[in-house]
Amino acid sequence: MSITVRVRVTPAENGLANTTGIMAMGAAVMGAAAMLAGVPVRMPTASSAGALAAMAIGGSAIAYLFWNAGIARMGAARTALFLNLVPVSTMAIAALAGQPPRAVQGAGAVLVLAAVGAPAWWSRRSRVAAPG
């Protein structure tokens, strides 16, 4: 049995509202988990607070805004392919930071890129081979 939905099932809100909700929920859950685990609460130093703000704004909030814009523009199925590239981009960033990838990481990157690219290659190949 399969069910097909032909209407938009997500609320029609903008990316900023969606990102704000995701960030607030994440902060609430992480804060509650820290309290339940008995993690001591301390005020961060100025440099720690700056680093935290840079990671929260640049690494999370802006990334979510771009992600939501990608979903709105390309659709969820095509955008989801980019999730597979997270380990590859992390490895590339680490290499730029002076941590060269090991052979097994390079092999993994090749496998990920092949898996992400294969459907596009197969569909292009079938269009060329199909009689017109």
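Me: Where is the place of alanine 109?
Reply: Alanine 109 sits in helix α5, residues 103-129. Helices are DSSP runs of H or I with at least four residues, strands are E runs of at least two, and both are numbered from the N terminus. This is a predicted model: local features need pLDDT of at least 70, side-chain atom pairs count only at pLDDT 80 or more, and totals for chains, interfaces and linings use all residues. Residues are numbered from 1 along each chain as its sequence is written, and side-chain values use heavy atoms, with hydrogens and water left out.

Me: Is alanine 109 buried or exposed?
Reply: Alanine 109 counts as buried, at 9% relative accessibility. Buried means under 20% relative accessible area, exposed over 50%, partly exposed in between (1.4 Å probe, protein chains only).

Me: What is alanine 109 in contact with?
Reply: Val88 and Met91, leaving aside neighbours within four places in sequence. Contact means heavy atoms within 4.5 Å. The C-alpha atoms of alanine 109 and leucine 85 are separated by 8.5 Å, and these residues are 24 apart along the chain.

Me: Switching to threonine 79. Which helix?
Reply: Helix α3, residues 76-80.

Me: Why does threonine 79 count as buried?
Reply: Because its relative accessibility is 3%.

Me: What does its side chain reach?
Reply: The side chain of threonine 79 reaches the backbone oxygen of glycine 70 at 3.2 Å. Threonine 79 also touches Trp67, Gly70, Ile71 and Met74, not counting residues up to four places away in sequence.

Me: And the whole fold: how many helices and strands?
Reply: Five helices and zero strands. Along the sequence the pattern reads α-α-α-α-α. Of contacts between residues at least 6 apart in sequence, 59% join residues at least 24 apart.

Me: What share of the residues is buried?
Reply: Buried residues make up 7% of the 132.

Me: Where does isoleucine 57 lie, and is it buried or exposed?
Reply: Isoleucine 57 lies in helix α2, residues 46-74. Isoleucine 57 is exposed, with a relative accessible area of 53%.

Key:
A polar contact is a pair of N or O atoms within 3.5 Å; within protein, one must be able to donate a hydrogen and the other to accept it, and residues adjacent in sequence count only if both atoms are side-chain atoms.
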